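Please open the model in your viewer and keep the selection panel at hand.

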Amino acid sequence: MIHCQKCNDNHYFMTEDGAIPCECVKEINRKEYIRNSQIPPLFRDKEWKDVNASCAELKKICRQCLNYAKNFNISRENKTTKGLLLQGGVGRGKTLIACLIAKMVIDKVIPVVYYNISNLFKNLRNSYRKRDINQYDYDDIMDKVLEVPLLILDDVGATKTSEWTTEQFYLIIDNRLANQRPVIITTNCSDDELENRIGYRFLSRTRELCEKITFPDDKIKDYRLVGI
Ligand SMILES: Nc1ncnc2c1ncn2[C@@H]1O[C@H](COP(=O)(O)OP(=O)(O)O)[C@@H](O)[C@H]1O
Ligand SMILES: [Mg+2]
Ligand SMILES: [Zn+2]
């Protein structure tokens, strides 16, 4: 069955200037990018209209993040190089907003990869251990993390830390900064807590790479407790 009437599923048109891609390619890529992004199912279907911006502070944060996503660009002239550090208490909507930004960037057919930090470290650790066919190897995971145009690192500072995790954090942030590739970091930790848990080298690099957006705990409620 033909899905695209415009190009008869050829995915391109011939013109005098050569082949040009059909709009349907964009849609196919978008679906594939959503699949590959690892955005958790809970947040895949969320829209900005689902965000209840209950106070002026949250409205401002939403506006700022929406503009960031709107302006996100990978062209050489207008490249987005800064990331975001979304900082605040549990249940304030940090993961939700990070995923909404990710979805808008994917709509521009730009790949995004989401990793919850504990999953990332679990996968990296497992990659050392055994090498069966279904398991990624360390370099596969790291290449993806280092090279994707936009990386989301969710819940930084929530996991137990060690010399190894500190090194991985630094490797990721330093490498992406050097290559001007933005990261969106979410964390429940204050700057002091981040420094204690992950180290000053990570914190100072994060400050260079990311614009900080603070979710004020006293103004924004914990949405996980709403209705309880
Ligand atoms: N402003 C909001 N309006 C509506 N739902 C929200 C809002 N903020 C968070 N939520 C919902 O509350 C839950 C917790 O949000 P989450 O983004 O995981 O918080 P955080 O990452 O800050 O801990 C999620 O199901 C999310 O969709
Ligand atoms: Mg979260
Ligand atoms: Zn088509």
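Which helix gives the most to the shell around ligand 1? Helix 4 does, with three residues; helices (H or I, at least four residues) and strands (E, at least two) are DSSP runs numbered from the N terminus. The model is predicted: local features need pLDDT of at least 70, side-chain atom pairs count only at pLDDT 80 or more, and totals for chains, interfaces and linings use all residues. Residues are numbered from 1 along each chain as its sequence is written, while chains are lettered from A and ligands numbered from 1 in the order in which they are written.

**The ligand.** Select ligand 1 and the 13 residues around it, of which Gly-93, Lys-94, Thr-95, Leu-96 and Tyr-223 come nearest. A residue is near a molecule if its C-beta atom, placed from the backbone, lies within 6 Å of it. Colour this shell by class to see four nonpolar, five polar and four charged residues. Ala, Val, Leu, Ile, Met, Phe, Trp, Tyr, Cys and Pro count as nonpolar, Asp, Glu, Lys and Arg as charged, and the others, Gly among them, as polar.

Next, select the largest nonpolar core, which has 46 residues. Such a core is a set of buried Ala, Val, Leu, Ile, Met, Phe, Trp, Tyr and Cys residues joined through C-beta atoms within 7 Å. Ile-101, Ala-102, Val-112 and Ile-152 have the most contacts inside this core. Helix 4 (residues 94-107) gives the most to it, with eight residues.

Within helix 4, select Cys-99. Cys-99 counts as buried because 23 other C-beta atoms lie within 10 Å; the term requires 20 or more, whereas 12 or fewer means exposed and values in between partly exposed, with C-beta atoms placed from the backbone. Leaving aside neighbours within four places in sequence, Cys-99 is in contact (C-beta atoms, placed from the backbone, within 7 Å) with Ile-39, Phe-43, Lys-46 and Tyr-114.

Now select the five strands that form an open sheet in the order 4-5-6-3-7, with parallel pairing. Strands pair if DSSP finds at least two bridges between them. Strand 4 (112-116) and strand 7 (210-215) are the edge strands, each pairing on one side only. Inside the sheet, strand 5 (residues 150-154) and strand 6 (residues 183-187) pair over three bridges, and Leu-151 has Val-183 in strand 6 as its bridge partner.

**The hairpin.** Finally, select strand 1 (residues 12-15) and strand 2 (residues 18-21), which run antiparallel and are joined by four bridges. They form a hairpin with two residues between them, and Met-14 stands opposite Ala-19 in strand 2.

Key. Contact = placed C-beta atoms within 7 Å.
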